[in-house]
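Colleague: I'm new to this one. Can you walk me through it?

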Amino acid sequence: MSAMARPGSARGFRGGIVVALIAGVVLLWLFPIYWIVLTSFKTPRIINEKVPVFWFTPTMENYEHLFGDINFGRPLLNSMIVTSATTVIVIVLGLLAAYALGRMDVPGGKHIALWMLSLRFMPPIAIVLPFFIAWQRTGLIDTYLGLILVYVAFNLPFAIWMLRGFLVEVPRDLDEAAMLDGLGHVAILRRIIFPVIAPGVAVTAIFTFVFAFNEYLMALVLTSRNASTVPVTVSKFIQPYTILWGDVGASATIQLLPILVVVFLLQRHIMRGITLGAVK
Amino acid sequence: MTIVLTDVVKTYGAQTPAVRGITLEIQDGEFFTLLGPSGCGKTTTLRMIAGLESVTSGAIVLRGRDVTDVPARDRDVAMVFQSYALYPHMTVRDNLGLNLQVRRISKKEVRERIEQVARMLQLEGLLDRKPGQLSGGQRQRVALGRAVIRRPNVFLMDEPLSNLDLKLREETRTELKKLHESLRITTVYVTHDQSEALVLSDRIGVMNDGELLQVGNPHEVYSRPADVFVARFIGSPSINIFAGSIRGNGAKPAVEVVGPGDGTGALTRPIDLGWTVTPPSGQVLLGVRPEDLVIHRSAAPDRLRAVVEFVQPMGSVSYAVLRIPDGDGLLPDREHIMAAIGPDETIPHGTVVWLDIRGDRFCLFNSQSGMALTKA
Amino acid sequence: MAISAKSIEFDHVAPASAGASRQERSERRLATLLLLPAVGFLLLMTIFPTIYSLWMSMQQYNLSRPDLATFVGLRNYGQLLQDDIFWKSVRTTLVFSLAALALQFVFGFLIANMFDRERRGMSVLRTLFIIPVFTSPVALGLTWRYMYQPGYGLINYLLEQVGLPRINWLASTEWALPAVIVADVWQWTPFVALILLAGMQSISPEITEAAELDGLSRAQYMWRIVLPLLTPIIMVVGLIRLIDALKTFDLIYIITRGGPGTATYTLPLHAYSTGFASFLMGPSAAISWVLVIIVNIFATLFLVLLARGEK
């Protein structure tokens with residue numbers, strides 16, 4: 001209720017200036033995104049104009065080329081399949097493990113949690129080679145499954161850590177009250193705990209989805225034709241003597257749309273998801 | 001005059017005002033308490049004096065200087081917060097010394113003043129600890145020390161005792177009183193605990209609903225409340241309120257509370273002709289504190305019939321909880337009446353007793369407005 | 001009535017004393033069961049590649065002739081120590097990571113400080129600001145590359161407008177690394193800023209008010225109250241960001257491929273091209289393991305500092 005005044009934040013007009021200043025900083029910060037979206041509607045001639053062009057007649061040419069000649073639908077489908085499967089598996093395994101770590105007495109639970117966190121210290125470049133060799137021998141190379149397995153391994157520790165954070169925040173009193181109300185374990189999970197942490201699960205799913213969707217190195221090494229993902233395809237717009245800027249713009253714009261929607265739908269929860277783990 | 005508030009108003013957005021025009025003068029060296037229920041605007045008023053809250057309209061003057069638009073840090077006021085707000089990452093020493101350091105007072109003097117305050121508040125052994133390593137009472141003393149060390153114009157205290165357990169609270173209350181007696185720094189104290197206010201204050205300002213209802217010393221607000229709200233808020237157990245009426249009776253008017261039916265008697269007291277603001281209807285509210293309501297075992301002309309429900313022992317005194325059968329209309333406040341009795345006296349449930357008022361220890365209020373009727 | 005009451009009491013009391021531990025045991029069994037799939041999968045998926053890559057770093061190994069692999073001990077590591085490109089890439093990795101980290105914190109702190117006010121519209125701005133974190137490094141690497149273009153790039157155009165000379169950013173050994181750092185700072189500053197902001201907002205308002213009454217200016221408040229209180233958060237975020245920066249591959253690979261020459265050659269890029277362009281699997285694994293060691297040195301350092309700070 002109280003209008004909190006931090007030291008030095010004088011009342012009145014200075015506050016307005018600060019907001020305008022922040023708005024300026026944010027818009028400037030987002031300019032590269034605006035610029036690439038704009039580029040996606042430019043013809044090659046406008047793209048290569050020496051003086052940047054801000055006003056022009058938009059064209060869908062790049063999008064037509066992207067889905068026509070380049071057949072961008074295929075990698076898009078590949079990415080969707082791999083990423084969706086990864087997300088589902090990560091959330092299921094993650095919820096089980098996080099529930100045990102966050103709300104149950106597990107022998108050595110703390111060590112397990114720390115071990116999972118330490119998996120982050122492993123650079124992907126150090127283990128991509130073994131996977132490459134192993135997948136070649138087992139026929140998992142350039143398959144959805146091969147990529148999904150790797151992505152689950154990479155995202156699971158982080159997801160467990162996040163879900164655990166959300167689960168720890170649910171007060172134990174809530175379980176106990178529900179138990180006294182005569183609910184069983186499963187009913188408590190389904191009717192009490194899950195609804196409370198649902199936003200946390202959604203945020204974890206989004207993080208997993210986004211990071212798996214954006215992943216490049218593993219996909220570059222472990223796929224070639226059949227299971228090639230969006231980032232790998234986009235990186236191939238860099239050609240020996242030119243870069244297909246129009247296609248870059250169009251593909252970047254397509255990737256941006258779902259992110260924008262999700263970020264705005266779940267803005268409050270995403271803030272919490274980002275700060276969880278670090279602030280606690 | 002240390003603090004002068006002139007018609008101070010605080011409004012948040014389009015809502016009803018949190019503080020609706022408070023005018024108040026607080027004297028040099030005075031211990032002044034703002035007392036009221038939660039949400040009455042007392043903390044907001046305190047925060048406006050501190051400069052932590054802007055003033056919507058009106059003016060605040062500290063020691064002759066209009067500080068209405070002066071930021072908090074330039075007002076030279078010190079505050080003890082309800083949560084103490086100690087800096088968790090600093091030692092007790094640094095918590096005490098921060099203000100002095102910021103004001104560029106010499107290191108030597110800072111050290112001396114820290115020692116002095118530590119002695120005064122028994123913090124000597126704790127100076128190198130951090131707040132997390134202190135007990136609640138110790139934290140409270142550090143918070144107090146942080147204010148004392150500054151020798152400020154004004155001390156502001158926002159329910160500083162409310163986080164302590166009962167026993168410690170009473171001890172600290174005494175300490176606080178002693179501290180004020182020795183330093184005599186003007187203090188504005190906010191609390192919702194009327195007994196705390198009565199014990200500590202030179203004067204009390206009772207607030208409700210953003211308004212200052214009465215300002216007076218503890219005796220005044222207790223025995224001559226300005227209205228029914230103040231009468232009810234101060235004193236524990238709270239005052240008994242009866243619905244009564246003024247009877248003309250020629251040259252000798254009286255107030256009476258007539259029992260519900262034959263043989264139930266009436267409380268009657270003559271009143272001076274000097275009583276002002278007699279409502280035209282003749283209806284009044286009669287307030288009698290539990291210790292001023294006398295219980296008799298036998299009927300008499302000026303006594304009101306009541307029935308004992310049970311007795312509440314409180315140690316040094318007991319209270320009889322009474323009911324007037326069919327007397328709903330007589331008690332606009334609640335169903336029960338409380339009357340003090342001897343600490344070892346017991347009266348069985350259902351006993352019929354007769355009530356009387358001790359001397360002229362009662363007050364009268366306008367039955368519509370609730371304002372006290374006062375002698376001219 | 002009395003009997004049934006007693007029997008209920010017995011039913012309740014008797015198992016309670018012995019059953020407490022049984023209940024605990026069954027809970028532990030359930031917990032282990034819940035943990036098993038995730039832990040088992042992770043063990044399988046991390047232990048094998050880790051050991052395999054460590055083993056490989058001690059092999060002479062050619063992808064096309066795996067049967068000719070021979071154990072060479074630490075020779076791959078020994079050769080690295082004499083390899084100028086390796087040493088240069090160690091330096092580049094550290095410069096890239098530490099510079100990016102420092103800039104992210106400077107900008108992050110300033111921006112968080114600006115955001116730390118109760119004003120209308122702040123939450124929308126915060127949400128917009130988060131977007132770069134979620135964008136694809138490949139897509140935004142290309143976006144920056146587009147803006148860095150010498151001929152039609154936006155940045156050179158702006159430089160020219162304010163009277164500065166054009167720079168061939170990505171073809172210049174001087175400017176390529178700063179250009180890549182800028183892109184990384186752009187993507188991750190919002191992350192740092194928003195975490196610092198959350199830290200600032202978790203400071204109790206009464207502490208802030210006490211500081212104000214103690215006469216602290218905004219700068220003193222930031223320096224003496226906020227910064228010390230945020231130290232644990234700063235350490236944790238710093239560690240996360242530093243490790244991620246040390247591991248960065250995609251952004252640099254997309255913008256410069258490590259060039260021009262070896263100007264932006266970091267350890268991950270060096271390991272990648274040694275392995276997948278030159279097919280020298282042993283040395284490539286050895287380079288990765290040097291990176292693993294560097295990451296762990298920093299991680300340990302941070303954890304020690306953090307533990308000391310908590311004491």
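Modeller: We'll go chain by chain, then look at the contacts between chains. Keep in mind that this is a predicted model.

Colleague: Start with chain A. How many helices and strands does chain A have?

Modeller: Chain A has 14 helices and zero strands.

Colleague: What box do its C-alpha atoms fill?

Modeller: Roughly 70 × 70 × 35 Å for chain A, taken along the principal axes.

Colleague: And how much of chain A is buried?

Modeller: Buried residues make up 42% of its 280 residues.

Colleague: What share of the contacts in chain A with a separation of 6 or more comes from residues 24 or more positions apart?

Modeller: That share is 77%.

Colleague: Over to chain B. Which strands form the open sheet there, and in what order?

Modeller: There are six, in the order β6-β7-β8-β3-β9-β10. The pairing is mixed.

Colleague: Why is one side of β6 and of β10 left without a neighbour in the sheet?

Modeller: Because β6 and β10 (211–216) of chain B stand at the edges, each with a single partner strand.

Colleague: Pick one pair. In what sense do β3 and β9 of chain B pair?

Modeller: In the parallel sense, over four bridges. Strand β3 covers residues 31–35 and strand β9 covers residues 203–208. One bridge joins B:T33 to B:I204 in β9(B).

Colleague: What holds paired strands together in general?

Modeller: Strands of a sheet pair through backbone hydrogen bonds, and they do so either parallel or antiparallel.

Colleague: Now helix α1 of chain B. Is it mostly covered or uncovered?

Modeller: Mostly covered. Nine of the nine residues in α1 (42–50) of chain B are buried. Among them are B:K42, B:R47 and B:I49.

Colleague: What happens just after α1(B)?

Modeller: B:G51 takes a positive phi of about 95 degrees there.

Colleague: Next, contacts between chains. How many residues do chains B and C bring to theirs?

Modeller: Chain B gives 16 residues and chain C gives 14. On the chain B side, β6 (77–80) and α2 (92–102) each supply at least two residues. By class, that side of chain B has eleven nonpolar, three polar and two charged residues.

Colleague: And chains C and A?

Modeller: Here 90 residues of chain C are in contact with 78 residues of chain A. Helix α1 (residues 2–56) of chain C gives the most to the chain C side, with 20 residues. The chain C side has 59 nonpolar, 19 polar and twelve charged residues.

Colleague: Into which domains is chain C divided?

Modeller: Domain 1 (2–45) and domain 2 (83–310). Their centres are separated by 48 Å, taken over C-alpha atoms.

Colleague: Last topic, the core. How many residues are in the largest nonpolar core?

Modeller: It has 266 residues. Those with the most contacts inside it include A:I160, B:L156 and C:L291. Helix α8 (residues 176–201) of chain C provides the largest share of this core, 18 residues.

Colleague: What is A:I160 in contact with, leaving aside neighbours within four places in sequence?

Modeller: A:G94, A:A97, A:A98, A:L101 and A:M116 in chain A, plus C:A38 in chain C.

Definitions and conventions: Residues are numbered from 1 along each chain as its sequence is written. Chains are lettered from A and ligands numbered from 1 in the order in which they are written. This is a predicted model: local features need pLDDT of at least 70, side-chain atom pairs count only at pLDDT 80 or more; totals for chains, interfaces and linings use all residues. Two residues are in contact if their C-beta atoms, placed from the backbone, lie within 7 Å. Ala, Val, Leu, Ile, Met, Phe, Trp, Tyr, Cys and Pro count as nonpolar, Asp, Glu, Lys and Arg as charged, and the others, Gly among them, as polar. A nonpolar core is a set of buried Ala, Val, Leu, Ile, Met, Phe, Trp, Tyr and Cys residues joined through C-beta atoms within 7 Å. A residue is buried if 20 or more other C-beta atoms lie within 10 Å of its own, exposed if 12 or fewer, and partly exposed in between; C-beta atoms are placed from the backbone. Two strands pair if DSSP finds at least two bridges between them. Domain bounds come from an automatic or database domain assignment.
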